[in-house]
Amino acid sequence: MANKLQIILHYLDQAFPNPEPSLQASTPFEILIATLLSAQCHDEQVNRVMPNLMNAAHTPQEMRKVPEATLQKLIYSCGFFRNKARAIKALSEQLCERFNGEVPCTFDDLESLPRVGHKTASVVMGHAFGQFAFPVDTHIHRLALKWGLSKGPNVERVERDLKRIFPQNDWFKRHLQLILFGRAYCNRTQCKPEHLCCICKALQEL
């Protein structure tokens, strides 16, 4: 495992030495909304939608007053817009009623909000609050299994394994690197046997 991990870290650091979140959001509320919208939607599309949405309402207090039909129009291109608009409205109301209009900074409180699961809560904790978190998306899940960092089979097991392998202070950085590497070099279409990415090639030679 030590040799394997050394290879993986070498190429991750070479490809993305200073990774940044691809979602363009700054405040905890923006990060929460953007992460919710990113479910089954490309980050690039979320980034196109977010400015108009935030211009309409940039706080939970303002967002809860926006008609659901208006929210649907603003986020239509993100897919599942009806469910997402309903969730934005509901979580904005709960933020106002239960948390004084502030996004909470604990996993339990975040996961108590509508349509906020553990992955979304982990992104908010890591991105918005700088807390130790290792969100696992489909790219990370796939690469962890492919590179032998975890046997899975579920996201919960992969997250536990990755947290055990990587130092706590590096969790969010490695999360970002794995996502970016999976998108750019080792996705379902690019990393084929005849054209393996650098990490897959190096691991095959061990």
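## Close-up views of helix packing and aromatic pairs

**View 1. Helix 2 and helix 6.** Helix 2 (residues 28–37) packs against helix 6 (residues 81–99) at an angle of about 155 degrees, and their axes are 10 Å apart. Helix 2 is therefore roughly antiparallel to helix 6. The structure is a predicted model, in which local features need pLDDT of at least 70 and side-chain atom pairs count only at pLDDT 80 or more, while totals for chains, interfaces and linings use all residues. Residues are numbered from 1 along each chain as its sequence is written, and side-chain values use heavy atoms, with hydrogens and water left out. Helices (H or I, at least four residues) are DSSP runs, numbered from the N terminus. Axes are lines fitted to C-alpha atoms, for helices over the stretch in contact, and angles run from 0 to 180 degrees between N-to-C directions. Angles under 35 degrees count as roughly parallel, over 145 as roughly antiparallel, 65 to 115 as roughly perpendicular and the rest as oblique. Helix 2 passes helix 6 in a right-handed crossing (the near helix is turned clockwise from the far one by less than a right angle). Helix 2 contributes F29, L32, I33, L36 and L37 to the contact, and helix 6 contributes K84, A87, I88, L91, S92 and L95 (contact means heavy atoms within 4.5 Å). These residues divide into 9 nonpolar, 1 polar and 1 charged (Ala, Val, Leu, Ile, Met, Phe, Trp, Tyr, Cys and Pro count as nonpolar, Asp, Glu, Lys and Arg as charged, and the others, Gly among them, as polar).

**View 2. Helix 5 and helix 6.** The axes of helix 5 (residues 68–75) and helix 6 come within 9 Å and cross at roughly 125 degrees. Helix 5 is therefore oblique to helix 6, and their crossing is right-handed. From helix 5, E68, L71, Q72 and I75 meet F81, R82, K84, A85, R86, I88 and K89 of helix 6. This contact has 5 nonpolar, 1 polar and 5 charged residues.

**View 3. Helix 1 and helix 11.** Helix 1 (residues 2–15) and helix 11 (residues 171–184) pack at about 80 degrees, with their axes 10 Å apart. This angle makes helix 1 roughly perpendicular to helix 11. L9, Y11, L12, D13 and A15 of helix 1 make the contact with K173, R174, Q177, L178 and F181 of helix 11. By class, the residues are 6 nonpolar, 1 polar and 3 charged.

**View 4. Aromatic pairs.** The whole structure holds 6 aromatic pairs (rings of Phe, Tyr and Trp, the last by its six-membered ring, pair if their centres lie within 6.5 Å; planes under 30 degrees apart count as stacked, over 60 as edge-to-face and the rest as tilted). The ring centres of F132 and W171 are 6.3 Å apart and their planes stand at 80 degrees, so this pair is edge-to-face. F132 lies in the loop between helix 8 (118–128) and helix 9 (138–146) and W171 in helix 11, so the pair ties together parts that are 39 residues apart in sequence. F132 is partly exposed at 41% relative accessibility, whereas W171 is buried at 10% (buried means under 20% relative accessible area, exposed over 50%, partly exposed in between, with a 1.4 Å probe and protein chains only). The rings of W147 and F181 are also edge-to-face, with centres 5.8 Å apart and planes at 70 degrees. W147 is buried at 2% relative accessibility, and F181 is buried at 1%. Ring pairs link F16, W147, F181 and Y185 into a cluster.

Key
Helices (H or I, at least four residues) and strands (E, at least two) are DSSP runs, numbered from the N terminus.
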